[in-house]
Structures are given as C-alpha cells and as structure tokens.
Amino acid sequence: MNKRVFGDRYKVTERIGMGGMAEVFKANDTTLGRTVAVKVMLPQYAADRTFAARFRQEAQAAANLTSPFIVNIYDWGRDDDMYYIVMEYVRGTDLKTAVQQRGSIHPRKVAEIGSQVCSALSVAHSYGIIHRDIKSANIMVQTDGNVKVMDFGIAQAGNMDMTTDSNVLGTAHYVSPEQAQGKPLAGTSDLYSLGVVMYEACTGQLPFDGPDAVSVAMKQVNEDPIPPRAINANIDPVLEAIILRAMSKSPWERFSTANEMKQALDDYLAGRGAAASAAATTVISAPGAAAAAGTTRVIDPVEAGAQSGAVKNSYERNPRPSSGGDDDGGKKGGLGKVVAGLVAVLLIGVLGFAGVTLLNNGKTEKVIVPDVTNHTLQEATEILEEFGLNVGVVKYEANETVEKDLVFYQDPAFNDSIAKDGKVNLVISSGKGEGEQVPVPNLLGLTDIQAQKALLEAGFTASSNEEFSDDYDEGKVCRQEPANGETAAKGSAIRYWVSKGKANTNVVISNYFGWKESDALADLQKQGLKVNTETGYSNDVATGEVMGQSISAGTSVAAGTTITLKISLGAEDVAVPNVVGMGQSKASATLKNAGFTVKVRYDVGPKGKVLDQDVTGTAKPGTAVTITVGEGEDE
C-alpha cells in the first residue's frame with residue numbers, strides 16, 4: 001500500500017494502524033503539502049452495503065463537527081472500489097497508552113482532559129450525534145497537552161438507524177448500562193463512558209473488569225465501582241463526586257448535558273467548591289486480572305439483575321454433551337444465549353485482534369478468521385493452523401500492487417466466524433502482468449451505472465470519482481482515464497469522474513476557531529477566497545491557532561472575497577510580583593493571584609521569609625515560580 005495515491009492526491013507513506021474494519025495510513029496531501037491520516041476500509045467490507053454505509057456515516061457525521069477537540073475530517077471518497085476517509089494527522093499518543101505507560105495521571109490533568117472531551121461532546125450532541133464509543137483509546141493527547149476525540153465510526157445521529165437487531169455496538173469496559181442492555185441512547189450515555197475514562201486515568205485501572213465482555217457488561221448494569229479515592233487517595237473528593245455522578249446507573253442521575261459536566265469540571269479546576277454530588281457507592285472487592293480491555297465489540301444486550309458471577313460456569317470451551325435435561329433447571333436462553341451470541345467486531349481503534357474462539361449456541365465451536373493477507377502461503381498456513389483452520393483452494397493471479405507470492409485475498413474474510421477445522425481459500429499474487437490489451441470504451445455523457453456496465457462488458461473494473469464540470473450535466477461522466485480509444489490491460493480499473501454540476505460561485509464560510517493557521521489558509525484559498533491575518537494574545541487559544549475571523553461561520557460569500565483571520569500569539573506575558581521579604585503564605589497567594597504556580601525550596605535564613613525567587617520581570621501565566629524560604633538561622 002506504500003506509495004499508493006488515493007483520489008489522485010493523498011500519497012501513502014506508511015501504515016500506522018490496523019483494525020477489523022479498516023486500516024489507517026500516514027499520507028502526504030500532494031495538493032496542500034501537509035501530512036494527513038487516511039482511513040481505508042478493508043476490501044472484504046467495501047462490497048457490504050451495511051459496512052459501507054457505516055463508513056460513509058463516519059465521514060459525514062464527523063465532517064460537520066468543528067471543534068479544536070475533535071479530529072478534523074478533510075475529505076472522503078472511493079478509489080478503485082476502496083472507500084477512504086482523509087483526516088487530521090494528530091501527533092501524540094492516545095490516553096490508553098499514556099495510562100498504561102505512566103499509571104494514574106494527576107487528577108487535575110484528568111479534569112482538564114475531561115473538560116475538553118465535554119467540549120467535543122457538546123458539539124456532537126448539538127448535532128444530534130452520539131459518539132457511542134468514548135474510551136481512552138479514542139482520546140488522543142497531543143504534544144501540547146490538549147486532546148482530540150476521534151473515531152466516530154459507530155456514532156449514531158438522531159435521524160439515522162444503523163443498528164441491526166438488538167445488538168449493542170461498543171466497548172464493554174466503557175459502555176453505559178443502557179447501552180449494554182440495548183436501550184435507546186442519549187448524550188448521557190457518552191457522559192457515563194467519559195466518567196469511566198476519567199476513573200481509569202485517575203486510578204490507573206478500569207472500574208469493572210472480567211474474563212469476557214459479557215461479564216464486564218453485566219457489572220456495568222448491576223454493580224457499583226470502588227470509589228476512586230479508595231484506590232488513589234490523592235484524588236480530590238470534589239473530582240471523585242463528578243466522576244461518580246457521571247457513572248450513575250440511571251441516566252437521570254447523571255449530568256443532563258456535556259456542558260453541565262464541563263461546568264462542574266471547570267468549577268473544580270477554578271477552586272469554586274463542590275461541583276457535583278454522586279450517588280452512594282458500595283465498596284466491593286477489587287476486580288482481578290482479566291482479558292484485555294478496550295476492544296470494540298457487538299454484544300447481545302444484558303438484562304439488569306443478571307449475575308456476573310455465573311459467567312465463568314456458563315462459558316466452557318468444551319461443553320459436555322446434553323443428556324436430554326436442562327442443566328439450568330429448565331430456564332431457556334438467559335446468560336447462555338448472551339455468551340453464545342458474543343461476536344467480536346473490531347473497528348479501527350482496535351489493533352492486533354484475531355482468532356478469538358467463541359461458542360455458537362453452546363454447541364458448535366467457532367473461530368474468528370485471522371488476517372493472512374500479505375503473508376506467504378507457508379506463513380498463512382501456519383497462522384491458520386494456530387487457530388484450528390486449514391488452507392482450502394489456492395489460486396494464483398496477477399496483481400499490480402501486491403508482491404509476488406503474497407496472499408492478497410482470502411475467503412472467508414478476516415474477522416468472519418467459521419467452524420473450527422474449516423477451510424480458508426486463498427488468492428496469491430503471481431506478480432505484475434500486462435495481460436491482454438483491449439480498447440477502453442467511451443464513457444463521456446453516461447450515468448455512473450451506465451459507465452460501470454460498459455466497463456464490465458468490455459472486461460474492466462470501474463473506479464468512480466466526482467468533480468464539478470461546466471460541460472456535462474450533474475450525474476453524467478465528464479472525464480475518464482484512459483481516454484476513449486486508448487487501450488488498457490483487461491481486468492484493470494478505469495477511472496472516470498461524474499459531474500457534480502457547475503461549480504458554485506458562492507462559498508459558505510466554515511468555523512475556523514482552533515484551526516492551525518496553515519490549515520485554515522490552505523482551506524480558504526482552496527475555495528477561492530483571499531485571506532488576511534492579524535495576531536493577538538489569548539489565554540485560551542494555543543499559539544498559531546485561529547482565535548477569530550472577520551466573517552461568521554455559515555455566511556455565504558462570493559468567490560474572491562477577503563476574510564481576515566486572527567491568529568493567537570498565545571498568552572501575553574504579565575508582570576511577576578516581587579515577593580522577596582514576604583512571608584511564605586502571603587508570597588504564595590500573591591503569585592497565584594497573578595496567575596503563576598508556586599514551588600517552594602528552603603534554605604538558611606529568617607524562618608518563614610522569602611529569601612529569593614527564580615523568575616522576575618515578566619512571564620507567561622501559568623509559569624512556575626520557585627521561591628526560596630528561610631527555615632531558620634544556623635546555630
């Protein structure tokens with residue numbers, strides 16, 4: 001896939017993530033000269049209307065969300081039957097990795113992260129979009145300490161119904177009780193998940209764990225978490241109350257909106273007293289070691305009151321044959337069906353999962369098919385055998401992008417569930433092959449469907465794109481490569497572009513608040529607008545980001561209009577008070593009131609008096625000022 005170019009614009013440089021539904025690549029936007037991330041749906045799902053619709057939904061849902069705390073979506077499309085989304089490339093690490101590497105995070109930093117995620121959720125909820133998979137792995141911590149919420153792949157808009165049957169799509173360790181039970185969701189479900197994330201970040205461990213997703217989901221429904229301060233005594237009681245209120249079992253007992261939760265967190269950070277109250281909690285034994293957390297799955301809804309302790313006995317790798325009676329005393333379904341219905345469905349935030357053994361109705365053992373593409377036949381055989389599967393029919397075909405002797409197609413596909421000892425058919429690359437050269441038909445003026453049919457009849461595959469055209473009506477092919485009359489290898493993909501009609505002469509202004517200056521300039525210039533910039537100081541907007549614009553978002557203007565962006569220079573330096581000679585308490589209060597943080601060291605001198613300070617003159621608000629305080633004279 002390296003060096004592959006999507007949409008004649010996004011050149012792949014390296015793969016940075018892999019999941020059950022898509023891969024994520026780092027790429028270069030050759031038009032704007034910036035680094036982006038390209039999320040590409042795996043080929044086996046591209047033909048599935050449900051998966052394709054969900055993939056398109058992610059692009060459409062997130063593209064409308066403008067917030068400095070949400071990963072920006074720049075573009076999406078289809079190239080050679082491969083769906084892709086182009087998004088902001090975020091430098092940093094996800095919160096899950098940060099917790100795993102450092103353990104618990106300082107509670108005030110957790111509150112800051114929670115406040116920023118609330119800002120992101122507030123924007124999404126205002127559009128009627130519920131994220132449905134808020135978890136630490138979907139929160140990126142950037143190098144400047146700010147966060148970005150990503151992966152709206154299973155987000156659900158209020159006017160869309162993407163669920164099937166009564167399955168619950170989400171991550172068991174973070175789902176709300178109502179999501180685990182398959183009930184209708186509101187924005188408060190995301191707040192519950194955020195409460196779990198903050199609990200995990202403050203304590204270094206998840207509030208609920210278990211041997212499998214079902215038992216964890218049951219605990220979400222039926223059990224109270226250990227109070228965070230019982231694990232980490234450094235957590236402020238006010239912050240603990242906010243976390244536990246967000247994690248209330250009943251949606252009505254949580255914060256009513258993301259804005260309300262953000263205000264509580266901001267009040268806590270500003271020291272404005274108790275900001276939340278939580279329902280009484282019962283201290284329970286700390287959960288033991290369990291399966292890895294953070295996997296996005298489809299699980300059967302669980303019923304409130306079901307006992308998680310029964311899971312271990314009902315989940316057997318080798319169930320005994322039935323003797324004709326009901327082992328559960330005549331109760332049909334119940335927990336056994338919940339466990340039997342567990343089906344792993346990995347989205348892009350989940351990496352490296354394959355080959356999990358599951359049960360089907362408690363009788364036939366099934367396995368999830370591992371990914372063996374880009375492996376040799378010998379390697380693929382060994383991988384399949386590790387999971388109790390066999391190689392089926394093997395074919396060799398020419399392939400322009402996959403190296404010779406490597407698997408480029410498998411059936412059943414990666415992540416499908418088949419019976420143990422089942423066979424997986426493989427197609428292996430025989431290398432590049434010119435193939436038979438045949439004339440390319442004329443597609444100009446045809447509809448998309450007509451063009452696909454013409455190419456199929458001529459022995460080609462189709463790659464459809466869209467662009468504006470002054471010469472062809474909307475919905476008609478306006479350009480093709482290769483052109484009519486030229487020849488191409490039979491079976492190769494022919495690209496064509498379908499007209500979106502004449503280009504608009506008016507442009508609707510976006511909200512550029514929080515955008516990097518270079519990104520905002522490139523986006524505006526791409527739309528044919530002229531841009532002026534001016535600068536100013538801001539305590540809230542990072543250096544180099546847009547803090548204001550002369551034309552409001554949503555305004556329609558003519559191409560060529562000039563818009564002025566105000567770019568932040570960061571916080572303005574302020575005077576550092578001279579506290580030498582003051583008592584320690586007064587000096588600390590004076591510096592804090594001026595916007596600085598205070599560190600204290602001690603040395604020989606008059607007891608309790610400030611002898612020296614390491615920062616004088618002016619400095620950025622928030623700068624740490626170390627004061628040297630006397631601890632008494634030497635005798």
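A residue is called buried when its relative accessible area is under 20%, exposed when over 50%, and partly exposed in between (1.4 Å probe, protein chains only). Helices (H or I, at least four residues) and strands (E, at least two) are DSSP runs, numbered from the N terminus. The model is predicted, so local features need pLDDT of at least 70 and side-chain atom pairs count only at pLDDT 80 or more, whereas totals for chains, interfaces and linings use all residues. Residues are numbered from 1 along each chain as its sequence is written, and side-chain values use heavy atoms, with hydrogens and water left out.

**Exercise 1.** Determine how many residues of helix α7 are buried, and what lies at the N-terminal end of α7.

*Solution.* Among the buried residues are A213, M218, K219 and Q220.

**Exercise 2.** Classify the ring pair F6 and Y84, and locate both residues.

*Solution.* Rings of Phe, Tyr and Trp (its six-membered ring) pair if their centres lie within 6.5 Å, with planes under 30 degrees apart counted as stacked, over 60 as edge-to-face and the rest as tilted. A search of the whole structure gives 3 aromatic pairs. For F6 and Y84 the centres are 5.3 Å apart and the planes stand at 45 degrees, so this pair is tilted. Because F6 belongs to strand β1 (residues 5-6) and Y84 to strand β6 (residues 82-88), the pair ties together parts 78 residues apart in sequence. F6 is buried at 0% relative accessibility, and Y84 is buried at 4%.

Note on methods
Polar contact = N/O pair within 3.5 Å; in protein donor to acceptor, adjacent residues only side chain to side chain.
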